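Hello,

Here is the structure I promised to pass on to you. Have a look at it first, and then read my notes below.

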Amino acid sequence: MKKILAILACMIFIASNIVSAEVQTKPKQTLVVANEKEKVYLYATPNPKEELYTDFRVKIGKEVVETFGWEVAMSELRTPELHVIDLNNDGIKEVVVIITLGTGTWVVQKEAHILQRVETTNGRQAYEEMDIDNPVHTIERDFKITATNKTIQISGRGQKWKATNICKNTYYHHRFPLYQSVNWKVEGNRLIADVGLPITSNCVPAGFLLNYKQKGQIYIAKYVKLNL
């Protein structure tokens, strides 16, 4: 009997240590930004060593949505934006999170995420992240851009533009580092990508404004305005 009790005590001790270890190693979430009016909260796991927020979770009412691959620097200047708007005009608001990946002189790198209430395979309603067509890919696919030290020419979607190169120089002639200047923003109920056209390291003389609309399971740039 004593031997059995000793074995049971040993098992209980091992189990309690395992549970304790799990509790200690479980990452602690921090509230990063909130929309109290809409009861939407953005949580993340802080990593002080890397100075990053990772493992983001979005609490919408009582529902918690897991995210994948989101990372943001732990800086007040990089605090994510949280918007709750009706993007697709269906009467149900979507959650839009805009995170800043990098900033600098003539450099803005942001990415947008849309959480939308959809019907799942089991017939239930739940929030899921939607696909967004990359604005840089859209521009490179739909527009032809050429530049010289004197002029800039852009054509696409049935239109053509030509203007004097105010930079009076160019590092690029046919392919441009558009990814350096991608600024997502929300205006009213619209999601817009503002993509600059870098000509040199310190001159961005033109830009594209892409207005996103839902098409099936993806959001695409329905309208594109060029500022040249």
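Let me begin with a salt bridge: Arg 175 pairs with Glu 140, and their closest N and O atoms are 3.8 Å apart. By salt bridge I mean a side-chain nitrogen of Lys or Arg within 4 Å of a carboxyl oxygen of Asp or Glu. Arg 175 is exposed at 65% relative accessibility, while Glu 140 is partly exposed at 39%. Here buried means under 20% relative accessible area, exposed over 50%, and partly exposed in between (1.4 Å probe, protein chains only).

Before going on, please keep in mind that this is a predicted model: local features need pLDDT of at least 70, side-chain atom pairs count only at pLDDT 80 or more, and totals for chains, interfaces and linings use all residues. Residues are numbered from 1 along each chain as its sequence is written, and side-chain values use heavy atoms, with hydrogens and water left out.

Arg 157, in the loop between strand E12 (151–156) and E13, is 15 residues from Asp 142 in H2, and their closest N and O atoms are 2.9 Å apart. Asp 142 and Arg 157 also belong to a salt-bridge network with Asp 133 and Arg 141. The count for the model comes to 11 salt bridges; another one of them joins Arg 190 and Glu 187 (3.1 Å, N to O).

What about the buried side of H2? In this helix (residues 135–142), the buried residues are Pro 135, Val 136, Thr 138 and Ile 139. Seen down the axis, they fall within an arc of 160°, so they line one face of H2; the arc is taken from the directions from the helix axis to the C-beta atoms. Those residues pack against E11, strand E14 (181–187), strand E15 (190–197), strand E16 (206–215) and strand E17 (218–227), where contact means heavy atoms within 4.5 Å. At the start of H2, a side-chain oxygen of Asn 134 reaches to within 2.9 Å of the backbone nitrogen of Val 136.

Next, the rings. Phe, Tyr and Trp rings (for Trp, the six-membered one) pair if their centres lie within 6.5 Å, and planes under 30 degrees apart count as stacked, over 60 as edge-to-face and the rest as tilted. There are 6 aromatic pairs by this rule. Phe 143 and Trp 161 make a tilted one, at 6.4 Å centre to centre with 40° between the planes. Phe 143 lies in strand E11 (residues 143–147) and Trp 161 in strand E13 (residues 159–164), 18 residues apart. Phe 143 is buried at 8%, whereas Trp 161 is partly exposed at 23%.

Finally, the overall picture: the chain has 2 helices and 17 strands. These are DSSP runs numbered from the N terminus, helices (H or I) having at least four residues and strands (E) at least two. Of the 228 residues, 39% are buried.

Happy to hear what you make of it!

Note on methods
A polar contact is a pair of N or O atoms within 3.5 Å; within protein, one must be able to donate a hydrogen and the other to accept it, and residues adjacent in sequence count only if both atoms are side-chain atoms.
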